[in-house]
Amino acid sequence: MKKQLLYIFLMMGATLFAETMDDRTREQCEQDRVRIHAPYYYCDCHQESHEFAFPLDTVIRDTTWYTATMSDLTQGISAYWFADCSVTMEIYAFCTGWTPIHTMTVGQNMMRDVDAQYIYDKINAMGDKFAGSISTLTPHMRVYPNAKNGSGRVYCYPYNKGPESTCDDPMEWRPGMTYVCEAQENVYCMKDYKLIPKSGKAMIHWKQKKNLAGEIWLTLDSCTGEEIDRFTLSDSLHVHMLDSASLVDARNAKRTLWLHVKHAKDIVGRVRMVNNPEFTDPAEPLTKSTCMGKTIKVNERTYGKDTAFTDLLWVPVDTMNTMRLQTMDVNLSFTVPVMEYDTAYVLATEIGKGYRYKTTGTTIYEFGDRILEKKQSNTCTRIIQLSVLEKEPEQGLDDVSGSPEKPYKRMQDGQLFIIIDNRKYTLLGQQTK
């Protein structure tokens, strides 16, 4: 621990010394670098650094340094890289640091992001004292292509933010790249028809943290052009396979492809096109049964009726999180309830006002037979054939020799009855013998 604190204080001292010497010549800077045993990029970090701010939109042709703030970095980062090679972004707490606090490599024509919590965890892992010092300083970012003479355009946004892409100013749409859809509606344009797979086999994947839906459609030639596909996705386990014939025709005719994504306000989703997705072995068939009225959840989707289908899933197949398509045969059945029978005796004077059958909560205005359903959320449905019969009114007596008997309960053959004036009634008020 003492060695760690000593290292921290030496680093801070060297950094504070360097921060007061930014007007040094290159030769003076190199002399200082050697004297304090700083890494080879020390002077570039201090003297060649550009100010970093979100959103960043620039062309990178060589190693480029940026000076950021912790308030920027702790927002997290979403980085897009349009180029013929990968790019690496390194974040250093100080120019004297030999090891970055975070490294992120973005592949050719790809997007990578890290959330704010990840950045916080990286800082906190260095110790409370060091983390506190970083929060008061300006960290540095080094960005460089991973190929000789490599170059490309980089976009950096805070995590879960932008870029907004519109019909008037659409972002370039490339297969394999993930796009953060923050705005309610985004439009992306694939100008190069060669990016459409020759096979016509391609899929669209939508990812939303709470499995909220995104409406997606494709048009040709322009933002308002001919629509060739429209669908809705919600959970990230399922995908939509695009119509291969339409894609092959679009490629052969060298037409521009436009992707539209629309979702509810105040949610953020991610969309990606994958060309020629590969399949892994089919999953074990799934057969489930339950009673009518209940539901069965399979692969993030809920079903309530008999159905048999082949589900298509997007799943990881190894520890490297390699994704593949997988099919699963699903057979779901919901058993019909057994008919129950019941009888209700109702006075003619009551039926006109409406007799409420408590079992189902149904109000009945006519005598006769009817089929009723009792439904409750995620509970087996009951089907009851109810006969509503007219009940004869009780006849009054002119000469009463004594007080009427008090009603009492009686158990008979395991069933509870109410006895009133020597007459036997069920709990539903039905008179029996």
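Reader: How far apart are the sulfur atoms of C45 and C95, which form a disulfide?
Author: In this predicted model, where local features need pLDDT of at least 70, side-chain atom pairs count only at pLDDT 80 or more, and totals for chains, interfaces and linings use all residues, C45 and C95 are joined as a disulfide, a term that stands for a pair of cysteine sulfur atoms within 2.5 Å. Residues are numbered from 1 along each chain as its sequence is written, and side-chain values use heavy atoms, with hydrogens and water left out. The sulfur atoms of C45 and C95 are separated by 2.0 Å.

Reader: Which parts of the chain does the pair of C45 and C95 tie together?
Author: Helices (H or I, at least four residues) and strands (E, at least two) are DSSP runs, numbered from the N terminus. C45 lies in helix α3 (residues 42–47), whereas C95 lies in the loop between β5 (87–92) and β6 (102–106), so the pair ties together parts that are 50 residues apart in sequence. The parts are therefore helix α3 and the loop between β5 and β6.

Reader: Is the disulfide of C45 and C95 left-handed or right-handed?
Author: The answer rests on the torsion about the S-S bond of C45 and C95, which is about -70°. With that torsion, the disulfide is left-handed.

Reader: Is C167 buried, partly exposed or exposed?
Author: Buried means under 20% relative accessible area, exposed over 50%, and partly exposed in between (1.4 Å probe, protein chains only). C167 forms a disulfide with C223, their sulfur atoms 1.8 Å apart, and C223 is buried at 13% relative accessible area. For C167 the relative accessible area is 36%, so this residue is partly exposed.

Reader: How many residues apart are C291 and C380?
Author: C291 and C380 form a disulfide with sulfur atoms 1.8 Å apart, and the link is left-handed, with -85° about the S-S bond. The pair links distant parts of the chain, with C291 in strand β19 (residues 286–291) and C380 in the loop between β27 (368–374) and β28 (382–390).

Reader: What pattern do the disulfides of the chain follow?
Author: By the sulfur distance rule, the count comes to four disulfides. With bonded cysteines counted along the chain, the pattern is 1-2, 3-4, 5-6, 7-8.
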